[in-house]
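Colleague: Please give me a close look at a single part of this model. Then set that part in its surroundings.

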Amino acid sequence: SVSLSVDSSGRLVSLKNLLTGTELIAYGKVAEAWRLVVPSGRHALDLLYGSQQKPAAIEIEKNWGGQALAIVYRGIRAGNRKLPVSARFVFELQDNEPVIMATVEIANRSDREVSEIEFPVIGGLGGFKAAGGGREIQLMHIHSWRRYGRFMGDLLNKPLPDTGRESDQFVREHETAMWEDEHRGRSGFDFHGADEGLYLGYNTDKPQDFVLKAERYPKCVPRGPTHFYPRGTPKWLRLWGVHVARIAPGHSWKSEPVTLRLHKGDWHDAATWYTQNCMPRDDYARPPVWMDDFVGWTEIIGNLYTGEVFHDFKTCADKVIADKKATGLDLLFYYGHTNLGAEGADYDQSPSVAMGGEKGFARMMDRLHANGIRVMLLDHLHRYINSDVPEYKSKRLGRMATIDANGKRVESRWWKETVLSCKRLEGPTPVWIEMCPSCEEWHEHYLDQLRRM
């Protein structure tokens with residue numbers, strides 16, 4: 001269903017869709033094998049390209065269900081120096097599927113970090129037949145965690161989409177777009193025309209730090225002016241699978257696979273395959289029957305972190321019962337029932353004394369339920385705690401805080417009401433500490449609060 005070829009330096013010079021007979025790499029001269037990013041100083045680095053290296057071996061191996069092509073290196077040259085970095089770049093083909101799995105292994109025995117590994121590299125993509133004639137490369141970016149695909153237009157004939165922080169102004173020949181996987185392991189990209197396409201995906205249950213990078217030649221940025229090139233100027237794309245591995249000296253690393261799948265048809269083929277093979281199989285709870293005709297809720301604020309009381313428990317019941325008679329809405333979304341109130345992130349979820357205490361809260365519940373009104377309480381205890389509450393120190397809750405890569409606790413500030421708070425994050429500004437969701441002690445406290453409520 002698919003064939004590929006590499007030259008003596010390991011460059012991918014042919015990628016053919018045997019389902020349609022199409023050669024995808026229209027400009028083999030611009031093909032590339034891989035690229036390593038190796039820092040050489042605080043602000044300096046070496047960019048090491050596979051096309052500038054000589055493989056120790058190019059091996060073809062038969063394995064279960066298919067065969068693999070491996071490009072092997074027993075050292076990587078950086079300028080006049082040969083770094084003791086061993087590498088193995090592998091394309092694995094499946095017998096009965098138009099699928100290629102691309103992986104890379106690195107053993108870094110040098111004294112320098114290998115920060116980024118770019119593989120696979122598909123250069124010289126000349127486009128697919130467009131419905132109205134000519135060539136095109138339409139892109140659909142699949143957001144599995146949001147359950148939709150986003151169409152990003154024709155990348156061959158128009159500027160690349162703005163995905164943020166690309167350094168196009170410094171690039172002389174091409175423009176760049178990058179899509180980061182964000183450690184989800186569920187990135188899907190379908191590059192297609194009217195009747196065939198190439199799906200590239202990073203779909204794994206063990207996600208690493210992965211980014212898809214696209215380069216368009218020639219460039220069409222800045223996006224303001226219209227760019228005119230001589231008739232017949234080649235237009236093509238290069239795709240890079242970027243693994244941000246940051247392999248320290250003396251360490252080894254193996255990538256999760258990048259999937260290449262060639263297909264007939266437009267984006268529907270890729271979307272169907274992705275749904276069947278890559279969508280997470282989440283076991284969602286069945287919604288209760290009363291949600292079948294659910295249309296909305298009435299939102300009520302109780303009291304606020306600043307001490308302001310908007311609706312105590314009696315007032316809340318009065319307002320919501322009256323609202324149901326006017327609107328038919330029978331669900332209350334109540335925020336701010338604790339002592340600190342909305343944005344407070346209390347440790348204790350007990351009903352606020354200032355608004356009626358436990359007895360007042362119970363009477364409110366009885367009245368609402370008697371009028372066929374359900375209640376949803378918003379709290380933050382499942383994830384956050386306010387660093388200002390006395391329990392944060394007395395119970396040493398900092399032990400359970402989530403920390404970032406630098407060992408600092410993860411916190412957020414919520415602006416409230418005043419100029420000092422809203423504009424400068426000073427004054428009456430809650431500071432929330434993010435708690436570790438895997439901490440059993442914290443989880444048990446949360447469950448205990450739910451039982452008490």
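Predicted model: local features only at pLDDT ≥ 70, side-chain atom pairs only at ≥ 80, totals over all residues.

Modeller: Residues are numbered from 1 along each chain as its sequence is written, and side-chain values use heavy atoms, with hydrogens and water left out.

Helix 1 spans residues 267-277, and its buried residues are Ala270, Ala271, Trp273 and Tyr274. They fall within an arc of 165 degrees seen down the helix axis, so they line one face of the helix. The arc is taken over the directions from the helix axis to the C-beta atoms. In general, an α-helix has 3.6 residues a turn, so residues three or four places apart point the same way. Buried means under 20% relative accessible area, exposed over 50%, and partly exposed in between (1.4 Å probe, protein chains only). Helices (H or I, at least four residues) and strands (E, at least two) are DSSP runs numbered from the N terminus.

Now strand 23. Thr259 sits in it. Thr259 is buried, at 4% relative accessible area. Its contacts (heavy atoms within 4.5 Å) include Trp273, together with Tyr199, Leu200, Gly201 and Asn203. Val99, Ile100 and Met101 also touch Thr259. Neighbours within four places in sequence are set aside here.

Leu200 leads on to Ile122. Among the residues that Ile122 touches are Leu200, Leu198 and Leu260, again without residues up to four places away in sequence. Leu12, Leu15, Leu237, Arg238 and Leu239 are also touched by Ile122. Ile122 is one of the residues that touch the most other members of the largest nonpolar core, along with Leu15, Phe89, Phe91, Ile117, Phe191 and Leu198. This core holds 57 residues. A nonpolar core is a set of buried Ala, Val, Leu, Ile, Met, Phe, Trp, Tyr and Cys residues joined through side-chain atoms within 4.5 Å. Strand 10 (residues 85-94) gives the most to the core, with five residues.

Most residues other than glycine have a negative phi, and most peptide bonds are trans. Phe119 and Pro120 are joined by a cis peptide bond, with omega about 0 degrees. Pro120 belongs to strand 12 (residues 116-125). Tyr217 to Pro218 is cis too, with omega near -10 degrees. Pro218 is in the loop between strand 20 (210-217) and strand 21 (236-243). Arg246 is not a glycine, yet its phi is positive, about 50 degrees. It sits in the loop between strand 21 and strand 22 (251-254). Arg246 is exposed, at 57% relative accessible area.

Last, the whole chain. It has six helices and 29 strands. Of its 453 residues, 48% are buried. Residues 24 or more positions apart account for 62% of the contacts with a separation of 6 or more. Zero disulfides are counted, where a disulfide is a pair of cysteine sulfur atoms within 2.5 Å. Cys220 is buried at 13% relative accessible area, and Cys316 is buried at 0%. The C-alpha atoms fill a box of roughly 80 × 55 × 50 Å along the principal axes.
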